[in-house]
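Here's a quick walk through a single protein chain, from the overall layout down to a few residues. Have a look at the sequence and the structure first.

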Amino acid sequence: MKIYKYFILALVVILIDQASKVLVHHHMDLHEEITILGGERFGFKLHYLLNPGMAFGIRWNNEFGKLALTVFRILAMGGIAYYLWKMAQRHAHTGFLWCMALILGGAVGNVIDSTFYGVWFNNHPVDSPTPWFHGQVIDMLFFPLFDLTWPKWVPVVGGEYFLFFSPVFNIADSSIFVGVVVILIFQRRFFGEHISDTVPPELHTTHTDTQEPSSGETIEKPADSTSSSR
């Protein structure tokens with residue numbers, strides 16, 4: 001149970017992520033928006049989008065790129081699961097293992113979308129050679145907080161409209177993001193206590209190896225070989 005509890009957390013993330021996507025798919029129209037908290041323009045909203053690319057609405061507008069991305073996600077999912085299992089066996093920091101479980105759950109959640117949604121929900125792009133491995137990820141979490149128009153004197157973006165926070169994402173994206181950020185913030189705590197395990201044994205010194213003789217002790221010197229021969 002000590003190891004499997006991390007995979008149970010990953011499974012919980014997968015179930016919540018998939019449940020939210022299925023509910024949005026069946027009860028909302030594409031591009032429909034529902035306000036949960038806040039006003040008409042800003043707050044927490046559900047906004048149904050299909051994302052053929054990566055997390056947080058990032059797109060990779062290339063047919064080969066989409067297939068490569070799905071294959072990469074599958075390989076990454078297997079690698080993360082194996083790494084989590086090995087690190088749990090090595091008794092890595094508990095906080096690090098929980099974060100890896102969050103990342104694993106998010107990775108599997110988006111892999112399910114890319115692999116199967118083209119068949120289950122028929123949401124693959126119309127020019128896809130096959131619905132398999134070309135499913136589009138369902139995004140719905142939208143948090144527009146404020147907007148502004150950059151002053152014209154600002155380099156590059158002067159005069160352009162800016163909305164914060166504009167990406168639309170899902171539970172899987174959130175799980176991956178939280179896991180990675182927590183690892184980055186607490187990396188010294190997660191990995192610092194295991195540094196001594198990587199130091200070669202010959203570099204470990206004990207107190208007695210370098211202990212100076214006390215003032216009451218005398219050091220017996222070896223007899224002079226020349227004097228003894230006389």
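## The overall layout

Helices here are DSSP runs of H or I with at least four residues, strands are E runs of at least two, and both are numbered from the N terminus. With that in hand, the chain reads α-β-β-α-α-β-β-β-β-α-α-α along the sequence. That's six helices and six strands. Keep in mind that this is a predicted model.

The protein chain has 230 residues, and 33% of them count as buried. Its accessible surface is about 14900 Å², with 66% of that belonging to carbon and sulfur atoms. If you take the contacts between residues at least 6 apart in sequence, 60% join residues at least 24 apart.

## Helix α3

Helix α3 covers residues 94–120, which makes 27 residues.

Is α3 mostly covered or mostly open? Mostly covered, with 21 of its 27 residues buried. After the helix comes asparagine 122, which has a positive phi, near 55°.

## Glutamine 136, in the loop

Between α3 and β3 there's a loop, and glutamine 136 is found in it. Is glutamine 136 buried or exposed? Its relative accessibility is 11%, and buried means under 20%, so glutamine 136 counts as buried.

What does the side chain of glutamine 136 reach? It gets to the backbone oxygen of asparagine 123, at 2.5 Å. Leaving out residues up to four places away in sequence, glutamine 136 also touches a set of residues that includes Leu50, Asn51 and Pro52, along with Asp113 and Tyr117. His124 and Pro125 are among its contacts too.

Strand β3 takes in residues 137–142. It's mostly covered: six of its six residues are buried.

Which strands pair with β3? One is β2 (residues 43–51), which pairs with β3 in the antiparallel sense over five bridges. Within that pairing, leucine 46 has leucine 141 of β3 as its bridge partner. Another is β6 (residues 168–169), which is joined to β3 by two bridges and also runs antiparallel to it. There, phenylalanine 142 has valine 168 of β6 as its bridge partner.

Conventions:
Residues are numbered from 1 along each chain as its sequence is written. This is a predicted model: local features need pLDDT of at least 70, side-chain atom pairs count only at pLDDT 80 or more; totals for chains, interfaces and linings use all residues. Side-chain values use heavy atoms; hydrogens and water are left out. Buried means under 20% relative accessible area, exposed over 50%, partly exposed in between (1.4 Å probe, protein chains only). Contact means heavy atoms within 4.5 Å. Accessible areas come from the Shrake-Rupley method with a 1.4 Å probe; for residues, only the protein chains shown count as cover. The expected span of a helix is 1.5 Å times one less than its number of residues. A polar contact is a pair of N or O atoms within 3.5 Å; within protein, one must be able to donate a hydrogen and the other to accept it, and residues adjacent in sequence count only if both atoms are side-chain atoms. Two strands pair if DSSP finds at least two bridges between them.
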